[in-house]
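Hi,

Here is the structure I promised to pass on.

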Amino acid sequence: QGEGEIVKGRLHDVRLLSGLRYYNTLTDRHTLGLHARFDWSRRAAPQAAFTLGAESGLRGFEAFSFWGDYVLLVNAEDRMVLTTNLFGLVHVGAVAFVDAGVAWRSGRSTEAEPRVSPGLGLRLLGSRGGGTLVTRIDVGFPMVGREGDFEPIISLGAGQAF
(Lines give C-alpha, C1' and ligand atoms only; values in the text may rest on other atoms or scores of the structure.)
Protein backbone atom coordinates (compact mmCIF):
# COMPACT_ATOMS: atom_id res chain seq x y z
CA GLN A 1 0.00 0.00 0.00
CA GLY A 2 1.32 3.45 -0.75
CA GLU A 3 0.44 7.10 -0.84
CA GLY A 4 2.11 10.44 -1.46
CA GLU A 5 1.96 13.63 -3.45
CA ILE A 6 4.11 15.66 -5.82
CA VAL A 7 4.53 19.31 -4.89
CA LYS A 8 6.57 21.58 -7.18
CA GLY A 9 8.10 18.53 -8.85
CA ARG A 10 9.21 16.83 -5.59
CA LEU A 11 7.72 13.90 -3.72
CA HIS A 12 6.23 14.74 -0.33
CA ASP A 13 4.43 12.74 2.32
CA VAL A 14 5.36 9.47 0.63
CA ARG A 15 4.45 6.40 2.66
CA LEU A 16 4.88 2.80 1.57
CA LEU A 17 3.51 0.03 3.75
CA SER A 18 4.22 -3.65 3.23
CA GLY A 19 3.29 -6.71 5.20
CA LEU A 20 3.23 -10.49 5.13
CA ARG A 21 0.99 -12.85 7.09
CA TYR A 22 1.25 -16.60 7.47
CA TYR A 23 -1.12 -18.92 9.33
CA ASN A 24 -0.70 -22.61 10.04
CA THR A 25 -3.83 -24.33 11.34
CA LEU A 26 -2.51 -27.26 13.37
CA THR A 27 -5.94 -28.45 14.52
CA ASP A 28 -9.43 -26.91 14.48
CA ARG A 29 -8.57 -25.40 17.90
CA HIS A 30 -4.90 -24.45 17.44
CA THR A 31 -3.31 -21.98 14.98
CA LEU A 32 0.15 -20.48 14.64
CA GLY A 33 0.34 -17.02 13.09
CA LEU A 34 3.29 -14.98 11.85
CA HIS A 35 3.30 -11.38 10.69
CA ALA A 36 6.06 -9.14 9.32
CA ARG A 37 5.71 -5.47 8.43
CA PHE A 38 8.10 -2.94 6.90
CA ASP A 39 7.01 0.66 6.43
CA TRP A 40 8.99 3.42 4.71
CA SER A 41 8.35 7.14 4.38
CA ARG A 42 10.05 10.10 2.75
CA ARG A 43 9.52 13.76 3.53
CA ALA A 44 6.53 12.89 5.68
CA ALA A 45 4.87 15.45 7.89
CA PRO A 46 5.53 14.89 11.62
CA GLN A 47 1.94 13.78 12.20
CA ALA A 48 2.38 11.12 9.49
CA ALA A 49 5.39 9.44 11.15
CA PHE A 50 5.11 5.72 11.75
CA THR A 51 4.71 4.67 15.37
CA LEU A 52 5.33 1.56 17.41
CA GLY A 53 3.65 0.65 20.66
CA ALA A 54 0.65 -1.24 21.99
CA GLU A 55 -1.65 0.30 19.35
CA SER A 56 0.47 -0.82 16.41
CA GLY A 57 1.69 -4.31 17.26
CA LEU A 58 4.40 -3.88 19.91
CA ARG A 59 2.13 -4.84 22.79
CA GLY A 60 4.67 -4.67 25.65
CA PHE A 61 5.24 -0.94 25.24
CA GLU A 62 2.95 2.04 25.70
CA ALA A 63 1.06 3.29 22.66
CA PHE A 64 3.00 5.65 20.37
CA SER A 65 6.26 5.05 22.30
CA PHE A 66 8.56 4.92 19.29
CA TRP A 67 8.34 6.68 15.94
CA GLY A 68 10.28 7.22 12.79
CA ASP A 69 10.44 7.23 9.01
CA TYR A 70 11.02 3.48 8.95
CA VAL A 71 9.41 0.66 10.93
CA LEU A 72 10.23 -3.02 10.99
CA LEU A 73 7.87 -5.22 13.03
CA VAL A 74 7.59 -9.00 13.47
CA ASN A 75 4.84 -10.75 15.46
CA ALA A 76 4.33 -14.43 16.27
CA GLU A 77 1.20 -15.84 17.93
CA ASP A 78 0.19 -19.27 19.17
CA ARG A 79 -3.64 -19.15 19.21
CA MET A 80 -5.79 -21.75 20.99
CA VAL A 81 -9.54 -22.11 21.41
CA LEU A 82 -10.20 -22.88 25.08
CA THR A 83 -13.96 -23.35 25.01
CA THR A 84 -16.81 -22.75 22.61
CA ASN A 85 -20.21 -21.36 23.48
CA LEU A 86 -19.47 -20.77 27.18
CA PHE A 87 -22.83 -20.21 28.91
CA GLY A 88 -24.33 -20.01 25.42
CA LEU A 89 -22.78 -16.54 25.05
CA VAL A 90 -19.10 -16.52 24.16
CA HIS A 91 -16.24 -18.46 22.60
CA VAL A 92 -13.02 -18.09 24.62
CA GLY A 93 -9.49 -18.39 23.30
CA ALA A 94 -5.98 -17.75 24.53
CA VAL A 95 -2.83 -16.57 22.80
CA ALA A 96 0.87 -16.52 23.59
CA PHE A 97 2.79 -13.97 21.54
CA VAL A 98 6.16 -12.39 20.91
CA ASP A 99 6.45 -8.98 19.25
CA ALA A 100 9.73 -7.47 18.03
CA GLY A 101 10.22 -4.17 16.29
CA VAL A 102 12.30 -1.12 15.63
CA ALA A 103 11.51 2.40 14.40
CA TRP A 104 14.08 4.94 13.25
CA ARG A 105 14.45 8.32 11.59
CA SER A 106 16.00 8.72 8.15
CA GLY A 107 19.80 8.83 8.38
CA ARG A 108 19.80 7.60 11.98
CA SER A 109 19.62 3.83 11.60
CA THR A 110 22.60 3.40 13.95
CA GLU A 111 20.51 4.95 16.74
CA ALA A 112 17.65 2.49 16.24
CA GLU A 113 17.15 0.22 19.23
CA PRO A 114 15.21 -3.03 18.82
CA ARG A 115 12.30 -3.72 21.19
CA VAL A 116 10.98 -7.15 22.14
CA SER A 117 7.91 -8.03 24.19
CA PRO A 118 6.43 -11.45 24.88
CA GLY A 119 2.97 -11.76 26.34
CA LEU A 120 -0.30 -13.56 26.88
CA GLY A 121 -3.80 -12.72 25.81
CA LEU A 122 -7.44 -13.66 25.98
CA ARG A 123 -9.76 -13.70 22.95
CA LEU A 124 -13.54 -13.37 23.30
CA LEU A 125 -16.04 -13.84 20.48
CA GLY A 126 -19.79 -13.62 20.95
CA SER A 127 -21.43 -16.92 19.99
CA ARG A 128 -24.91 -15.55 19.36
CA GLY A 129 -24.29 -12.81 16.81
CA GLY A 130 -22.61 -14.86 14.13
CA GLY A 131 -20.01 -12.11 13.67
CA THR A 132 -16.26 -12.45 13.54
CA LEU A 133 -15.19 -9.42 15.58
CA VAL A 134 -12.91 -10.70 18.33
CA THR A 135 -12.27 -8.73 21.51
CA ARG A 136 -8.60 -8.88 22.57
CA ILE A 137 -7.20 -8.47 26.06
CA ASP A 138 -3.40 -8.68 25.95
CA VAL A 139 -0.69 -8.35 28.58
CA GLY A 140 2.71 -7.58 27.08
CA PHE A 141 5.97 -7.59 28.99
CA PRO A 142 8.75 -5.23 27.79
CA MET A 143 11.92 -7.33 27.74
CA VAL A 144 14.44 -5.84 25.30
CA GLY A 145 14.71 -2.10 24.88
CA ARG A 146 12.73 -1.21 27.95
CA GLU A 147 13.49 1.99 29.78
CA GLY A 148 12.93 2.36 33.49
CA ASP A 149 11.09 -0.17 35.62
CA PHE A 150 9.64 -3.39 34.31
CA GLU A 151 5.89 -2.85 34.03
CA PRO A 152 3.54 -4.98 31.94
CA ILE A 153 1.20 -3.21 29.54
CA ILE A 154 -2.45 -4.26 29.30
CA SER A 155 -4.05 -3.47 25.97
CA LEU A 156 -7.61 -3.89 24.73
CA GLY A 157 -8.61 -4.11 21.12
CA ALA A 158 -11.13 -5.35 18.60
CA GLY A 159 -10.20 -7.76 15.82
CA GLN A 160 -7.12 -9.91 15.65
CA ALA A 161 -3.74 -8.21 16.09
CA PHE A 162 -2.96 -9.39 12.55
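Strands here are DSSP runs of E with at least two residues, numbered from the N terminus.

Before going further, please keep in mind that this is a predicted model: local features need pLDDT of at least 70, side-chain atom pairs count only at pLDDT 80 or more, and totals for chains, interfaces and linings use all residues. Residues are numbered from 1 along each chain as its sequence is written, and side-chain values use heavy atoms, with hydrogens and water left out.

Back to strand 3. On one side, strand 2 (residues 10–27) pairs with strand 3 in the antiparallel sense over 13 bridges; two strands count as paired if DSSP finds at least two bridges between them. Val14 stands opposite Arg42 of strand 3, and the two strands form a hairpin with two residues between them. Strand 3 also pairs with strand 6 (residues 70–86), again in the antiparallel sense, over 11 bridges. There, Thr31 has Arg79 of strand 6 as its bridge partner.

At the strand 1 end, strand 1 (residues 2–7) runs antiparallel to strand 2, with five bridges joining them. Val7 stands opposite Arg10 in strand 2. These two strands also form a hairpin with two residues between them, in which Lys8 takes a positive phi near 50 degrees.

Elsewhere in the sheet, strand 7 (residues 90–104) and strand 8 (residues 115–126) run antiparallel and are joined by 12 bridges. Phe97 has Gly119 of strand 8 as its bridge partner.

Two other residues with positive phi are worth a glance. Asp13 lies in strand 2 and has a phi near 50 degrees, a positive value in a residue other than glycine. Its relative accessibility of 29% makes Asp13 partly exposed (buried is under 20% relative accessible area, exposed over 50%, partly exposed in between, with a 1.4 Å probe and protein chains only). Asn85, in strand 6, has a positive phi of about 55 degrees although it is not a glycine. Asn85 is partly exposed too, with a relative accessible area of 40%.

**Core and buried charge**

The largest nonpolar core has eight residues: Phe50, Leu52, Leu58, Phe61, Phe66, Val71, Leu73 and Ala103. Strand 4 (50–52) and strand 6 each supply at least two residues of this core. Such a core is a set of buried Ala, Val, Leu, Ile, Met, Phe, Trp, Tyr and Cys residues joined through side-chain atoms within 4.5 Å. Not counting residues up to four places away in sequence, Phe61 touches several residues, including Phe66, Arg115, Pro142 and Ile153 (contact means heavy atoms within 4.5 Å).

Is Asp138 buried or exposed? Asp138 lies in strand 9 (residues 135–140) and counts as buried because its relative accessibility is 0%. Its side chain makes polar contacts with the side chains of Arg59 (3.4 Å) and Arg123 (2.7 Å). A polar contact is a pair of N or O atoms within 3.5 Å; within protein, one must be able to donate a hydrogen and the other to accept it, and residues adjacent in sequence count only if both atoms are side-chain atoms.

Thr135 is also in strand 9, but is partly exposed, at 38% relative accessible area. Leaving aside neighbours within four places in sequence, Thr135 is in contact with Leu122, Arg123, Leu124 and Gly157.

Cheers

Definitions and conventions:
Helix = DSSP H or I, 4+ residues; strand = E, 2+ residues; numbered from the N terminus.
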